[in-house]
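Subject: Structure handover

Dear colleague,

The structure you asked for is below, and my notes on it follow.

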Amino acid sequence: MSPRDLVKRCLFTVLQTGFRLTPMPAATRDRLRQRFLDRHFYLLPPGPRGQSGDASQVERRARSRAAGRAIGYAPRRNGKLPTPLPATVVAFYLPQFHPIPENDAWWGEGFTEWHNVTRALPQFEGHAQPRLPGELGFYDLRLVDAMRKQMQLARDYGVGAFCSYFYWFAGKTLLEQPLQQWLSDSSLDLPLCLCWANENWSRRWDGRADDMLIGQQHSPSDDLAFIEHVAQYLVDPRYLRVDGRPLLLVYRPGLLPDPKATARRWREWCRTHGIGEIRLAYVQSFDRVDPREIGFDAAVEFPPNNTTPVPITAHQRLLNPDYCGDVHDWRELAHQSMAQPDPTYPRYPGVNPGWDNEPRRSGRGRVFTRASPRGYRDWLRHAIATARRRFPAQPLVFVNAWNEWAEGAVLEPDSRLGHAWLQSTRDALHPAPDSDMRPCVVIHIWYPDLLEELIVALRTSGIDWRIVITTAYERKQAVRERVDKLGIDAEVEVFENRGRDILPFLHVANRLLDEGVTTVLKLHGKRSTHREDGDVWRHELLDKLLSPERVGSILAAFHNDKTLGVVCAEGHLQPLRQYQGANQTNFDYLVRRLDIPESQAEQCNFLAGSMFWVRPEALRLLLDTHLEVAEFEAETGQLDGTLAHAIERIFSLAASAGGFSTVSAAGVLGLVEAAPDPYPYARRSH
């Protein structure tokens with residue numbers, strides 16, 4: 001082991017475990033921690049599992065901070081929900097975010113789950129840790145207002161109820177204060193149901209008997225004591241009911257000595273004491289039996305538990321050479337759930353927006369990477385359809401979870417993607433939007449005087465365009481003045497001057513994809529002042545992409561061929577291996593992040609000039625990677641070697657990996673294409 005690796009390993013261990021061992025001011029701790037991340041984890045390209053990378057290859061990107069905003073970040077938005085809702089979305093709710101004496105004794109004074117959340121570190125390339133809260137902050141559930149804000153946010157985005165974990169240990173309850181607050185404050189009006197988390201508590205956070213903190217003592221008398229205690233919740237008019245019966249869940253019925261007898265005792269007690277019939281369901285966390293065989297009414301699907309996705313740990317580039325956890329592909333989890341046949345017994349569908357318990361298991365976490373709000377939206381929409389088909393009278397869909405921050409299963413706003421998970425929840429409650437067939441042009445303007453030239457070309461095409469203009473804050477006023485002068489109806493979006501024309505386009509493309517836009521023409525005021533033929537290059541691209549005799553055929557091709565992803569100007573699609581320049585490191589990084597096979601990447605082509613037609617769906621693989629804004633370099637006049645330059649080289653490859661084709665405009669028109677050799681607008685790589 002090299003001295004650098006030895007220091008790196010020691011520092012990593014200290015950072016993972018030492019925040020509470022040596023008290024220091026929070027600002028100092030965060031500054032030292034981030035300096036470590038920048039210097040030791042983002043400057044060298046990591047190697048395969050167990051290797052830290054080759055020091056001779058210096059990484060060109062240095063991550064500037066953790067938990068920054070990413071492409072796909074969604075601010076809080078008002079929006080309508082369908083009436084009535086197609087299903088009740090029930091989100092599992094963790095009432096752990098407040099200190100209790102027991103946790104003080106076991107973990108240290110003032111401990112809450114936030115301590116685990118904030119200590120997490122990224123273990124491999126693309127590992128989004130720490131995941132930090134957004135709008136709601138590091139809340140304390142002893143404050144009623146914190147619960148009120150959670151419930152209002154849930155209602156606004158279509159979450160119809162919380163299923164709160166309930167911690168009962170032979171007459172002793174833990175973490176019950178938030179539930180008691182709900183019970184005593186009628187203004188907390190979001191429905192709740194309870195899920196008895198009937199496991200032991202251990203230091204392993206897995207319910208096993210190893211190093212147990214407090215254990216269960218299941219018995220007939222405990223069954224009766226439990227149901228008598230929770231009866232105060234079951235009779236509340238806000239409590240979630242199914243067919244008029246209060247819904248009660250058990251997390252692990254297999255731990256009960258005789259679950260059928262327990263169910264019988266509960267039902268008899270409720271009938272005798274005026275509650276009436278109850279509906280019992282169990283969570284498929286570990287058990288997977290017909291609920292009717294154990295005296296229950298239904299099961300609840302609980303991904304990622306009880307699933308068997310193929311590990312992809314060996315394919316990760318490790319940042320922590322001692323990482324011994326497991327990495328899986330979240331997309332496979334979603335696909336398996338949607339592809340499975342219906343069970344022969346009643347089971348409510350469940351979905352999961354992500355999973356990463358690294359905060360609880362430093363260096364040993366189970367991580368489902370490549371989760372995305374759009375993928376979650378599709379999965380939830382499928383689950384809603386399943387629930388409506390199987391439980392037409394009262395469809396329920398369960399989400400794991402609302403606020404499992406230390407396990408990476410969260411709908412609440414975070415600092416990286418904002419309200420994107422909640423927005424996807426709201427979107428899933430609506431039918432998929434109709435395709436927007438109106439062509440859209442996205443124009444990036446740094447040189448305002450070039451806008452008129454581009455608008456004239458658009459008008460000459462004879463197409464009714466939706467026009468989106470992106471620019472930097474430094475050019476905002478000048479661009480708006482030009483828009484007014486030209487009398488065009490345009491959406492002007494302003495961004496930090498970062499990532500050239502590429503990052504602003506990705507921000508807009510992400511929104512257009514969600515809106516159902518099918519065809520986009522990407523243009524920019526390309527001046528290329530470092531070249532004498534910059535204007536010639538721009539005019540040639542515009543002529544081949546936007547001339548009136550071509551536009552109609554290109555639009556028809558996108559309409560007729562749903563697998564057509566990109567249309568480029570002929571002569572400007574070049575073999576990447578000849579024009580990689582200083583972009584190899586960043587390009588390789590993107591290939592790994594997008595999970596594209598190296599063999600496929602070696603054969604890809606480069607859309608020179610970064611003007612082209614594209615179907616937004618063809619960019620979904622790239623957009624759903626949610627690259628962080630801070631990964632893109634601020635503009636300092638770079639001619640090559642930035643992340644934006646690398647993305648310019650991966651557009652066609654990303655479309656191909658997503659199942660879409662790239663053709664030239666000449667190919668669309670059936671013209672013979674003779675590409676000039678050498679390409680006149682770029683120098684070949686050595």
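Which residue in strand 15 does Trp-355 stand opposite? Trp-355 faces Phe-368 there.

First, the conventions. This is a predicted model, in which local features need pLDDT of at least 70, side-chain atom pairs count only at pLDDT 80 or more, and totals for chains, interfaces and linings use all residues. Residues are numbered from 1 along each chain as its sequence is written, and side-chain values use heavy atoms, with hydrogens and water left out.

Overall content: the chain has 22 helices and 27 strands, taken as DSSP runs (H or I, at least four residues, for helices; E, at least two, for strands) and numbered from the N terminus. Of the 686 residues in the chain, 58% are buried, meaning under 20% relative accessible area with a 1.4 Å probe, protein chains only; over 50% is exposed and in between is partly exposed. Among contacts (heavy atoms within 4.5 Å) with a separation of 6 or more, 77% are between residues 24 or more positions apart.

Strand 14 and strand 15 (residues 366–369) run antiparallel and are joined by two bridges.

Cores: a nonpolar core is a set of buried Ala, Val, Leu, Ile, Met, Phe, Trp, Tyr and Cys residues joined through side-chain atoms within 4.5 Å. The largest has 113 residues, and Phe-92, Phe-162, Leu-249, Phe-398 and Trp-402 have the most contacts inside it. Strand 2 (residues 159–169) gives the most to this core, with nine residues. A second, separate core of 87 residues includes Ile-502, Val-551, Met-611 and Leu-627.

Helix pair: the axes of helix 12 (residues 451–460) and helix 13 (residues 476–486) come within 10 Å and cross at roughly 40°. That makes helix 12 oblique to helix 13, since angles under 35 degrees count as roughly parallel, over 145 as roughly antiparallel, 65 to 115 as roughly perpendicular and the rest as oblique. Leu-451, Glu-452, Ile-455 and Arg-459 of helix 12 make the contact with Val-479, Arg-482, Val-483 and Leu-486 of helix 13.

Regards

Terms used
Two strands pair if DSSP finds at least two bridges between them. Axes are lines fitted to C-alpha atoms, for helices over the stretch in contact, and angles run from 0 to 180 degrees between N-to-C directions.
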